[in-house]
Amino acid sequence: MSDAEVKKPAARGGRNLELPEHLKAYKGVWVFIEHDRGEAHSVSWELLGEGRKLADTLGVSLSGVIMGGPDEPLDTIAREAYTFGAENCYIVRDPVLKGYRNEPFTKGMTDLVNKYQPEIVLLGATTMGRDLAGSVATTLATGLTADCTELRIDPATRALAATRPTFGGSLLCTIMTLAYRPQMATVRPRVMRMPDADPARSGSIVEDTLGMIETDIVTKLLDFIADENSNKVNLAYADIIVSGGKGLKTPDNFKLIWDLAKVLGAEVGATRPVVQSGWVDAERQVGQTGKTVRPKLYIAAGISGAIQHRVGMEGADVIVAINTDANAPIFDFAHHGIVGNAMQVLPVLTDTFREHIAMRSRKAA
Amino acid sequence: MHIVVCIKQVPDSAQIRVHPVTNTIMRQGVPAIVNPYDLFALEEALRLKDKFGGKVTMLCMGPPQAEDALKKCISFGADDAVLVTDRSFAGADTLATSYALAAAVRQISKEQKVDIVFTGKQTIDGDTAQVGPGIAKRLGLQLLTYVSRIADLDLENDTITVERRAEGGVQVLKTAVPCLITMLEGTNEMRFAPLENMIHAARYPVRKWNKEAAGIEDVTKIGLKGSPTVVSKVFGPTPRAEKALMQSVDDATPRDVALNVIQKIFTQHPTLERDILAKASV
């Protein structure tokens, strides 16, 4: 078939993949800095770390965008943004920007982009960032890539090459926005490494106005009910995680995961199939559609290592995998592999860890 | 009241297999389902209909066989279904998809004014969560994403109050109808379809609209042509450069394997051992 020869995207459907002349003026990398009750979300600093690399590769500046109410510490957040690599911050300060609402934030962001013309805009893939990114990209009619796991600059085109899992997390794909600006992307919390803060760094502030009054805005924020933190599972920031997959066969066997976690003072994680089977709560799911984690130690038992799980945990310092199948994909990226039945290995591992801790604690005392 | 629920037919991702050599998706035999997140939107729409009366119209963009997904929704209790299907939609990214769906909602609204558009939080194949906000912006609708509860709907005054999942808490938002709601998962449970509904659904004449019928005016905004994003590469994961240190319980006792792994980890990462000991002593 002649169809087989037509492979290059450029050749299909008369689609323009060249950057039009008027969009070549778009320069610089922006990070939307999300904040709540006076604190910036750590995903914004992770994005500044990543944005710094992109800006350096392109030889352009890195800026933060901060929007909020007059009584919010926007300048303090800007100063913190400098320590993570931003050279300047665009601040929009207006009473209607107190508490996130789609309409004023979309207007604020869209106006800033149209005025200052950045080539790349990055946002955290949070409920705020995704709500805002989808609205801004549609308003600006440009490309947006969600939940990226890797951001690079394509040397040939100088375009942002954004990689993300696709097809339900079974493959990865790299997506580029070639003929439109800005190039937009979201990244989930904890996917990128937290950069080191450099308190010696400083930057400048550009203040802009929103030009909207409360009566212009249809949606009203009546209340904010903060989550109770007492019983919350904080998987994303756990230092040690013991995770189980469907290789454990029964919910009863999954108790072995809890046993080991208890000895190590660890959090319990699980794969999507385990959560879908109702063995543990959804908030313990690790992976593309669950939490992204970066623990110091990740023990995976009965987990094959599908991409959708892998992208959620491969940032761990040490990965120990237990699986009966020596060819399971998880052994391609684990640091320590144990080929064996998790139901047999886990209790022994738990006992051995317990003895080791007891012995070392005695020595220390 | 007239509610439009947008759905997508997706491959059941739990059953997707990737060819180990060619890294292509093996689609044969993978069942197509209604995107599971969309069912929360449909159930919420049906509950509003139960309470306030009115009509629920389903909307889907996809190939002709996506008709099956719409019939499924009819069996749950939706009243009407429109499938927007045209070869020129192929290759659409989220921006081009929202353009086509927004045009179709406008057409549906000409037949009967639409009060609320529902979508799921995201799809399980694309996972972008971008199409809902896109449709809202194109239609100038108030956007309410990640809604966990509809607290109040006042049709006299055309207002709606919802709870929206935000970072670290729940926002209570009040806005005007018409609006677009993306429904959070786990917020309700889809009802069962009674047998008579299933028979009705099987025979239901799903309306199929091509791009003209859907009211698409600008063909440069649909399909591949209307998509700013370009997929430059699809690939499988690469193994870590450094191979894992492998041990097998076939070659040593589980106890020896465990001792060996623990010793190696703690020798390489002494701070990790200190952290664990510190926790254990508390």
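Predicted model: local features only at pLDDT ≥ 70, side-chain atom pairs only at ≥ 80, totals over all residues.
1. Ten strands make up an open sheet with mixed pairing, and their order is E13(A)-E11(B)-E10(B)-E9(B)-E12(B)-E8(B)-E1(B)-E6(B)-E7(B)-E13(B). At its edges sit strand E13 (220–226) of chain A and strand E13 (207–209) of chain B, each of which pairs on one side only. Ignoring direction, neighbouring strands of the sheet are turned by 30° against each other on average.

2. As a reminder, strands of a sheet pair through backbone hydrogen bonds, either parallel or antiparallel. Which way do E9 and E12 of chain B run? Strand E9 (residues 142–154) and strand E12 (residues 179–183) of chain B run parallel, and four bridges join them.

3. Helix H4 of chain A, residues 127–140, lies across E9 and strand E10 (159–166) of chain B. The angle between H4 of chain A and E9(B) is about 105°.

4. Now for chain A as a whole. You will find eight helices and 18 strands in chain A. The C-alpha trace of this chain spans about 65 × 65 × 40 Å along its principal axes.

5. Two overall values for chain A may be handy as you browse. Of its 365 residues, 54% are buried. Taking the contacts between residues at least 6 apart in sequence, 66% join residues at least 24 apart.

Note on methods. Residues numbered from 1 in each chain as written. Chains lettered and ligands numbered in written order. Pairing = 2+ DSSP bridges. Helix = DSSP H or I, 4+ residues; strand = E, 2+ residues; numbered from the N terminus. Axes fitted to C-alpha atoms, helices over the stretch in contact; angles between N-to-C directions. Contact = placed C-beta atoms within 7 Å. Buried ≥ 20, exposed ≤ 12 C-beta atoms within 10 Å, placed from the backbone.
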